[in-house]
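Here is a friendly walk through the model shown below. Keep the structure open beside the text as you read.

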Amino acid sequence: MTAKPAGEKSQRKPHIGRWLVCLLAVVLVVPLIPYTFADRGNVPNPGADLWREVRQREAPVTGTTQVKGVDTGVLINIRGEQWRQFRMQTLLPAGGMVLGAVVGLIALFYLVRGTIRVPGGRSGKRIQRFTEYDRILHWSTVFLFYLLAVTGLVLLYGRFLLIPLLGPDGFAVTASACKEAHNLFGPLFFVVLVLLVINFIRSNLPKWVDIKWLLKGGGLFGGHASAGYFNGGEKIWFWLVTLFGLAICVSGFVLLFQNFDQGRQLMEISHVIHSSLALLLVAGSFGHAYIGTLGMEGSLESMTTGSVDANWAKAHHDLWMEERAAKGLDENAAPSPEQQSPPGKTAPGYQT
Amino acid sequence: MFAEFVEGPFWYFSLGVFVVGVAWRFITMLRFGTRRDLSVARASAAVGALRTNLSRFLPRREVAGRIRVPVVAGYLFHLGLFALLLFAAPHVEFIKNHITGFGWTPMPHWAFILASEAAFIGLLVLWLHRVLNPVTRLLSRADDHIAAILVFVVMLTGCLALFQSFDGLRVTHLFLAELLLLYFPFSSLMHALMFVPSRGYTGASLGRRGIHA
């Protein structure tokens, strides 16, 4: 036997290496051939169903979990995204437009109509209209309502309006403070609202004369519209405050007391009800505040001093004045503060 | 910087003014002394002082109906305020760390919320009564309104800072509370401490004459 030359052995090694590479390529590629020729559209991704279930793109699915609690079986809440889109794309722009439109209409009305004066001027006679308890209830409600309105509007619109002014850090502090105040004063508003409703409900029951008052536009556009102790507009506002206010309170409690297992969906619905009605009520309150202050001379006095001028009462609540006259109450009407006090002095001018 | 100032020098300054100011008010009152009564006592002055101190917690029957709202509001406000002042968890911790060196069991969170709700509605109604009632409106001075507003904003910032999420809110609350300490001895807020000797003096002088006041 002759020994093989060293060069032949060295030539065989690359040859084997090429075979191994080819074998590896075949092992890797051949299994892919069926996939290459298959109709890809009909091959389901084995993971797709799983992730569809997880993301719940089609419908909420409740799974099972060791964690016991409300919604713990839901990995991703699809309705949360729907709620978020409603809040951002519908509620915020619509609410802003309603508030802006109401302010604009009031400003336009004021420019056209101006302050409605007391017909015939002030008589100098004061008529008792609201008790001190009435007024304490009213102003407590006003204070809490606007505190909740401002803090609520900061939570709704602050991201857009306040971040440019305060910066992200400043807004974070403000939003946190507003949230705490909103949560703290909300239950107080409910208590005061219930007391207010109980106090005023009898005199706000609807009557036929209120329909006539509404048909005449409350006399705002000319003519006289008869009214009793409260007119049709005041009664509508009372019932709006009552019904919307109670709905706002109940939905607020659903949001505030999360320890009653109400779940995300109910809370999302509650938030929509809470914020939508609150925005409408805030818009309505602008009209109420306008007609009670700038819009009509002599109205604010009824809630500050408790009494009104006799001519104001005759012009705006003539049926109430007739009732009083029938009872003989106005013979002792108090003289006005101007008549009662020396110059430079103020006097209460009403009885409690 | 501001937080360090509020928690450090300004805290000690306001506390010092409060203590010295209250002591000065009491010393001034005691230095007035009492007029010597030469008549024979018909009843015990001490019993009269005690009786008046207790009886004034309830309104007189003749006016109870008319002043029901401010009486209820007054109780809500004062009881709520003192519950917050002495038993709110952050206050107990503050008193332990800065004043006494020891603390006590604070009230639970739900009690804090109830106390603050009671205090807020009570203060609001009392202030509205002050400005809406013709008699109290005429009797009120700027001091009364400043005191009410100051107490309100101190309580409000305290509740806003309840969860201490932002240190700025806590420091704001502390700063306003220090302003209240500075204002306290020189204002009608002194009634919080003066009501006992005031009622006692009236009760003693009338009680000595045999009058149940």
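## Two domains in chain A

In this predicted model, the C-alpha centres of domain 1 and domain 2 of chain A lie 22 Å apart. Domain 1 covers 132-200, and domain 2 covers 205-249 + 263-341; these bounds come from an automatic or database domain assignment. Twelve residues from domain 1 of chain A and eleven residues from domain 2 of chain A take part in the contact between them, where two residues are in contact if their C-beta atoms, placed from the backbone, lie within 7 Å.

On the domain 1 side, the elements giving two or more residues are helix H5 (132-161) and helix H6 (163-200) of chain A. Helices here are DSSP runs (H or I) of at least four residues, strands are runs (E) of at least two, and both are numbered from the N terminus. H5(A) gives the largest share of that side, seven residues. By class, the side of domain 1 of chain A that touches domain 2 has eight nonpolar, two polar and two charged residues. For these classes, Ala, Val, Leu, Ile, Met, Phe, Trp, Tyr, Cys and Pro count as nonpolar, Asp, Glu, Lys and Arg as charged, and the others, Gly among them, as polar.

## A closer look at A:Phe286

You will find A:Phe286 in helix H9 (residues 263-292) of chain A. Is A:Phe286 buried, partly exposed or exposed? A:Phe286 is partly exposed because 14 other C-beta atoms lie within 10 Å (buried means 20 or more such atoms, exposed 12 or fewer, and partly exposed in between, with C-beta atoms placed from the backbone).

Leaving aside neighbours within four places in sequence, A:Phe286 is in contact with A:Val102, A:Val103 and A:Ile106. The C-alpha atoms of A:Phe286 and A:Leu24 are separated by 80 Å.

## Chain B

Chain B has ten helices and zero strands. Its C-alpha trace spans about 65 × 40 × 35 Å along its principal axes. Of the 213 residues in chain B, 28% are buried. Among contacts in chain B with a separation of 6 or more, 73% come from residues 24 or more positions apart.

## Reading the numbering and the model

Residues are numbered from 1 along each chain as its sequence is written, while chains are lettered from A and ligands numbered from 1 in the order in which they are written. As this is a predicted model, local features need pLDDT of at least 70 and side-chain atom pairs count only at pLDDT 80 or more, whereas totals for chains, interfaces and linings use all residues.
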